[in-house]
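Reader: I would like to learn how to read some features of a structure. Please give the general idea and then the case at hand.

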Amino acid sequence: GSSKGMLYPQDSESRVVKTLDGMWRFRVDTSSSRNQSFVDQWWTRPLAETGPVLTMPVPSSYNDITVDKSIRDFIGWAWYDRQFFVPEEWANQRVVLRFGSVHYHAIVWVNGQYVMTHVGGHLPFEAEINGVANFHGANRVTVAVNNTLSPTTLPPGSLTFGSDPQKYPPGYVIQEMQHMDFFNYAGIHRHVHLYTTPRSYIDDITIVTSFNNVGDSVDGIVTYDITTMGGQARAAGDVQVAIVNKDGTVVAQQSNQLQGTITITNVHLWWPYTSKPSNPGYMYTLKVSISGDVYRQPFGVRTVAVTDSQLYINGRPFYCLGVGKHEDADIRGKGFDYALTAKDFNLMKWMGINCFRTSHYPYAEEIMDQADEQGIVVIDECPAVNIISAANMGPASLAHHKEVITEMIQRDKNRPSVIMWSVANEPSSNLPEAEDYFRDVVAHTKSMDSAHRPITFASSVDSNSDLVAQFVDVISINRYYGWYSDTGHAEVILLQLSTELEAWRARHRKPIIISEYGADTIPGLHQYPEFVFSEEFQTSFSSEYHKTFDKYRSQFLVGEMVWNFADFMTTQAIIRVGGNRKGVLTRQRQPKAAAHQLRARYVAITNST
Ligand code: GCB
């Protein structure tokens, strides 16, 4: 069979990881055909030999690195290359080249030879390169990246050319993204790794957990399924599986089975950090050894369940004190950054946030690792934002949407932090086409996840015209009363949001999360009585939402998520001043008054439960 695993690259007794992060060479294809780089076959020689090159950091978006507006706003093929070496002693190993993500469409060559293509900007892809690598001298990797969105990409978008010569200079083109309210940052956004495995290797590990109460203690039940590749059918005696706790002690083990169930007596369950257990985010490791290959898969033991009015983690009701986020920061755009990641988790915990949604695409694996380890719950959203017309719901869109969900679940299935999948953000779920489309998307998502996590999507249409909520387990709604409607009138919020919540509840007996509410706010702008864009407005507006949440919190409301954790960049638009300013933090992660307000609320709720 063909490889399907997407295990994170890891050093072990049998594996070596080397990073290809750093400064790469870079050039954009500015030809009028937008395709001259392919005519001239830029991958056949070092980029520096086919024209001038810039220095480009990896990982990072390329947009904000230079002082050139045409690179910031570039649409089309951008090219990267760099040199690397493969140690001679790796020649008898399997050598894999892996990209954490490249936005959007990527083609990779090694030493001028085609290696792989990937479509979709937020998930990892990899290929074995033994056949094209040079083990006795320098190698070159070339990556072509295209950020052009089309009606069938996720997110969808389209190009509009300024064809009227009276109005537009030659080559004028803009990318229309309608309801995609974030800058279409592009480039090699996450780590690039070169790693080895033995020829016969562990390809994939799937872990599903539950537990039993045994008197006063709890037994964890760990079901695992290992797939291997590249070897002869091996003797079952080659398989060793051990569960190692946080202190490094082996607490259970099993031999001879690629699939099995192991019990951990007196288990430490994985809890969100606001649940006041002694050990939030408790992670175990499943150490798998098979015929000389060793891989250590982290996991946590916890359950998730949904009833018609509650969400449970480990059998206890969980209320999401949440936030919508973005991968977004000055200079690096959507490039992964360890310092930013650590700061964001510290800020989330400072504010008492126990949950975030990966609005509006899967985040970097290193971010997800922190959620697992620190006990922050995640609603894992696929990049299906801006599905706004029937043209985005055809067979090609559907096939790609399912493929992206497959990749997302493949990557994140073992993460205890992930308690729910979000299959879309604000699709036009009122269109007749949406019903069949999302029936299929949701069924596919269910079928891919052995852990059967609940499914949601973030809705912007009203409960009467929506055709998709019938398929999901939890209803998430994004609402902007007092902002996009009745602007400035916070006094309508309690009434309008209550009416709305009750209408959804009457139509579907399902738990509800408010997955977005928020108001753009310029830090330092003060106006009293409160007026839109002032810090006073953001807090008084939020208070009205909070009052409404408190009314329904003990009933069927299972979470609230402010939009947004921090200010973030968008396309240029007259309603966006330096991007979207709905952050409770600035883009530089400094608190507005609303951050202190949120913190007081979340901490008080946590302390009272
Ligand atoms: C939404 C979208 C989000 C936007 C937000 C806004 O409903 O889901 O992507 O940024 O509204 O601020 O308009």
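Author: A polar contact is a pair of N or O atoms within 3.5 Å; within protein, one must be able to donate a hydrogen and the other to accept it, and residues adjacent in sequence count only if both atoms are side-chain atoms. In this predicted model, an N or O atom in the side chain of R576 is 3.2 Å from an oxygen atom of the ligand. For K582, a side-chain N or O atom is 2.5 Å from a ligand oxygen atom. Y480 has a polar side-chain atom 3.3 Å from an oxygen atom of the ligand.

Reader: What limits apply to a predicted model?

Author: Local features need pLDDT of at least 70 and side-chain atom pairs count only at pLDDT 80 or more, while totals for chains, interfaces and linings use all residues. Residues are numbered from 1 along each chain as its sequence is written, and side-chain values use heavy atoms, with hydrogens and water left out.

Reader: Which residues around the ligand come nearest?

Author: A residue is near a molecule or strand if one of its heavy atoms lies within 4 Å of it. There are 13 residues around the ligand, and D181, H360, E426, Y484 and K582 come nearest.

Reader: How should I read the packing of two helices?

Author: Two packed helices are described by the angle between their axes and the distance between the axes. Axes are lines fitted to C-alpha atoms, for helices over the stretch in contact, and angles run from 0 to 180 degrees between N-to-C directions. Helices (H or I, at least four residues) and strands (E, at least two) are DSSP runs, numbered from the N terminus. Helix α9 (residues 535-552) packs against helix α10 (residues 593-608) at an angle of about 25°, and their axes are 9 Å apart. That makes α9 roughly parallel to α10 (angles under 35 degrees count as roughly parallel, over 145 as roughly antiparallel, 65 to 115 as roughly perpendicular and the rest as oblique).

Reader: Which residues of α9 and α10 meet?

Author: Contact means heavy atoms within 4.5 Å. From α9 come E535, Q538, T539, S542, S543, H546, F549 and D550, which meet A593, A594, Q597, L598 and R601 of α10. The residues of this contact divide into 4 nonpolar, 6 polar and 3 charged (Ala, Val, Leu, Ile, Met, Phe, Trp, Tyr, Cys and Pro count as nonpolar, Asp, Glu, Lys and Arg as charged, and the others, Gly among them, as polar).

Reader: At what angle do the axes of α8 and α9 cross?

Author: The axes of helix α8 (residues 493-507) and α9 cross at roughly 40° and come within 9 Å. On the α8 side the contact is made by I493, L494, L497, S498, L501 and E502, and on the α9 side by residues including F541, Y545 and F549. By class, the contact of α8 with α9 has 8 nonpolar, 2 polar and 4 charged residues.

Reader: Where are peptide bonds cis?

Author: The bond from Y528 to P529 is cis, with omega near 0°, and P529 is in the loop between β31 (512-516) and α9. Another cis peptide bond runs from W563 to N564, with omega near 15°. N564 lies in the loop between β32 (557-562) and α10.
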